[in-house]
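Student: I am new to this structure. Please take me closely through one part of it, and then show me how other parts pack.

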Amino acid sequence: MRSEPPFVGRRAELGRLAEAVAVVCRGSPRTAWVLGEPGIGKTAVLRRAVAALPGRFTVLEAAADPAEELLEFGIVDQLVRQVAPAVLLRVAPLLAPPIPPRTPPLVVGAALVALIGALQSTGPVALVVDDAHWVDPLSAQALGFVLRRIRADRVLVVLACRDDTAAALRHLERGQPGPLTLELAGLTAADVTALCRAVRGVAPPAPAGERLLAHTRGNPLHLCTLLREVPHDLLADDRVPLPVPRPLVAATRSAVDRLPAATVAVVEGLAVLDEAAAPARAAHVAGVPDATTAVAPAVAAGLVCAAGRGPTGRLRFRHQVYRDAVYAAIAPDRRARLHGRAAEVTDAASHWAHRVAAATGADPDLAADLDDAAARAADRGHHLLAARYSRWAADLCTVRADHERRLLLSGVHAACGPDRAAARALLPEVERCAESALRSLTAGLIALFGTGDWLAARRHFSAALDRSRGSGDWVEAVAAAGLSGAQVWSGRGREALEHTRHALRLGGLPVRLADFTTVLLAVARCRVDGMAGGLSELDDLPADPAEVPPDRLDSLACRGAIRTMLGRFTAAEHDLTTTIRHHGAGCHLMSGTTPHSYLAALHYARGEWDRASVLVHQALSLADDDEQPHHRALRHMVATLVPAGRGDWATATAHVKAARGSAERAAGPQDRKYAAIAAATLHQARGLPAEMLTALHPLTGDDPDGTHVWWHLWWRPLLVEALLGTGRRDEAAEHLAALRTHATEYLRPTLLRFELALTPERVPTGTKARVAELARRAHPHSFAQALLEADLGTRLAGEGATTAAAPFLRSALNRFTALRATPFEHRVRRHLGGDREPAASPLAGLSRREGQIAHLVSLDHTNREVAAQLYITTKTVEYHLHNIYSKLGVAGRRQLRERVAAAGAAPPAHPSARGTGA
């Protein structure tokens, strides 16, 4: 065991990787998985592949480690530390180590995309991660985000992983479609011969090579172990059966047994540290005076290698299998002593792991210390660590009550953390605990945040409240807050009011949960007392969104949402934009991407459809698999709006289907309403009022809990339009009256349109003047104004006043054309000029992504700024710009801006309505 296995064979695998490199150099990304059992040579293949990369590649390498699975963004940290600090601070300052705690992993992924885009300015980029099966969960989510967004980039991603992939890899496995998969099998007979020649200097006889291959199945690490242990004459003598090689673990132990005592001590100390360690640290753990001298025989035996020299040099095992074999052979009492010494020289996270490993039995004092460490970690937002510390503390208890209390605390931290799959995995153990308030609370949090089962959450939180009522402790407060969340999302606003107020009175809530409980209070008030009443619950927020502290961002997002629902668009835009900016800078939001959804809806209503499209793209990009389920239906509802309006039936239909699916899974009235609005909007664009009415049927019944008040200024106009379109005028008039009592400025064109539709006789006198006045105040691309003008023009044309109708129809047509609202545009054209082929749009032929990029370029954004807004790389922006220029026949950004301006030109002013008689 004097050295690592020499590299032989693998020509086919390296050839396929070389083909992937060529694809990357030509401008397309490629992801390669290198899979195989321990010792099969994955790391060696990675090293060869990296060494063969052309010099213009920027290579970022990382190696996952089992000791760092709970280190937040450990792999991301390894990757970005290889980037020049000046570049990192200029392009992606969020990634400058250390990454702030509680930063959403998808935000980190977006920053990584920006960094990778910048690094491509000097050539292709290679991301190489070894032992990816140990990647920490947050890094896996961030890297998965990257893999899903590099589409026109010179980026090679190589991931080495054992065959039995870890759960965290589910984020990486959904990356680019059709990744290259290299499953490393054992070496061939020719490779075995070459390996024997490299190790022993001579090739074995053919029978000996065949026996070696059969006994080791071609595993290079096993082969080298056997070659170094079996005498040459025995190996070469085909008359003597080749002995079955001992398992690699036994062989490693045998090699260790032949080392000097001081060397064994250092090797055991390194195994306990389980990290690359400075010689002085290894010497301290081993209890020897000089690790450098003592480790030399282990280096000569091939067990250990040294990385670097001098005080910064590090010692490490050549292979994790060697470390595991050495560690397993250490006697339990000695292992405990070594862990105790390791705890004295390691950082905080490893310190606690070593102290726990040093415990030889129940240790109440250590358990209490871990309780404190968990509390401190939770206060800093490190819920993964807090959950692990509480779990360790539980395992140090022999008293059942103490064990269960700490186990349940671990579940509470896990449910509040970013990896809710870990919380769901704890549920069987939670259910085996004795009934208590804390058990019910933990089960409720897992149901609420982990599975979205609101019925189970209400049941568990109610039990927790019953068992803790009057205690005034944090369990009672969190249970009340959790119950209010389950009640709000399942449509029980009145009950939620009581519990949110109770939770806030008790206090003791975690900072983020306290702010979110205020959000729940505001939403419940909206449903019970109206939108203005809910907004009043947020009166304590600073008027200027920039002055709102980071721990009140969820409240700021809620204020922006309510203002959007009330039509107070300017104030809402300030609130939501500020919230999104903080989220992009790394601040955690329990409301996730809902601010993006509300801001997109706001821009849609104002006629800024391209801006809405960009925000929808951001919301969809930042969607988290472990997010709260009720965010999904809203996001898909808003994502339906622009595609439906533009006649992109496939995209709109897909989002309607997704909204319905989310609503069915969540089973809440709010989610069913979102699905109904999405479907009705699609049917409106298709001109199908009966189908609109069917879709909105869930909103026409009684509403005892006030859930319909949320978004009612959005769904009720659709309902009135559907009722009018199906001839149910009396019902339409009733809903119009309800709409009029709450309508604000942006709905004035809609109200006038419905009033006109409900007037059976000729167009009333003064109507054209009112429409012209509204046009002067409306946004140039107002969809509501365009619908009003189209209806008025159609009505006038139907009455024979074609000359009077023409200006309104042309104005509506211009607005629809600027919005690229193709279905509505075609209907107006039929009234203006029959079935003539419409003039081509100045932006005809652009895909949705190309339209987004053209819009952002028209706002004078640089390629880097466009990339940051769309969470893509600058190379992808350049790729799409090339296609845009080709499709539109423009030569550069200036001409593109002119083309976009032409597409969005304001409609002409209406002629004076004086003397028209209407």
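Tutor: Start with His 354. Beyond its neighbours within four places in sequence, His 354 touches Val 272, Leu 273, His 339, Ala 342, Ala 343 and Thr 346. This is a predicted model. His 354 belongs to helix H18, which spans residues 348–358. Is His 354 buried or exposed? Its relative accessible area is 5%. The cut-off for buried is under 20%, so His 354 counts as buried.

Now go to Lys 42. This residue is part of helix H2, residues 42–51. Lys 42 has a relative accessible area of 7%, and therefore it is buried too. Which residues does Lys 42 contact, leaving aside neighbours within four places in sequence? They are Val 34, Leu 35, Gly 36, Glu 37, Ala 160, Cys 161, Arg 162 and Leu 184. For a sense of distance, take Ala 612, which is 570 residues from Lys 42 along the chain. The C-alpha atoms of Lys 42 and Ala 612 are separated by 46 Å.

Next, the aromatic rings. The count comes to 16 aromatic pairs. One of them joins Phe 816 and Phe 824. Their ring centres are 5.5 Å apart, and their planes meet at 25°. Planes under 30 degrees apart count as stacked, so this pair is stacked. Both Phe 816 and Phe 824 are buried. Elsewhere, ring pairs link Phe 569, Tyr 598, Tyr 674, Trp 711, Trp 714 and Tyr 746 into a cluster.

Arg 323 lies over the face of Tyr 327, 4.4 Å from the ring centre. The charged end of Arg 686 is placed over the ring of Trp 649, at 4.3 Å from its centre.

Arg 686 leads on to a pair of helices. Helix H35 covers residues 669–686, and helix H43 covers residues 822–833. Their axes come within 8 Å and cross at roughly 30°. Angles under 35 degrees count as roughly parallel, so H35 and H43 are roughly parallel to each other. Which residues make the contact? H35 supplies Gln 684, Ala 685 and Arg 686. H43 supplies Pro 823, Phe 824 and Arg 827.

Terms used
Residues numbered from 1 in each chain as written. Predicted model: local features only at pLDDT ≥ 70, side-chain atom pairs only at ≥ 80, totals over all residues. Heavy atoms only, no water. Helix = DSSP H or I, 4+ residues; strand = E, 2+ residues; numbered from the N terminus. Buried < 20%, exposed > 50% of the residue type's maximum accessible area, 1.4 Å probe, protein only. Contact = heavy atoms within 4.5 Å. Phe/Tyr/Trp six-rings, centres within 6.5 Å; stacked < 30°, edge-to-face > 60°. Lys NZ or Arg CZ within 6 Å of the ring centre and 35° of its normal. Axes fitted to C-alpha atoms, helices over the stretch in contact; angles between N-to-C directions. Parallel < 35°, antiparallel > 145°, perpendicular 65-115°, else oblique.
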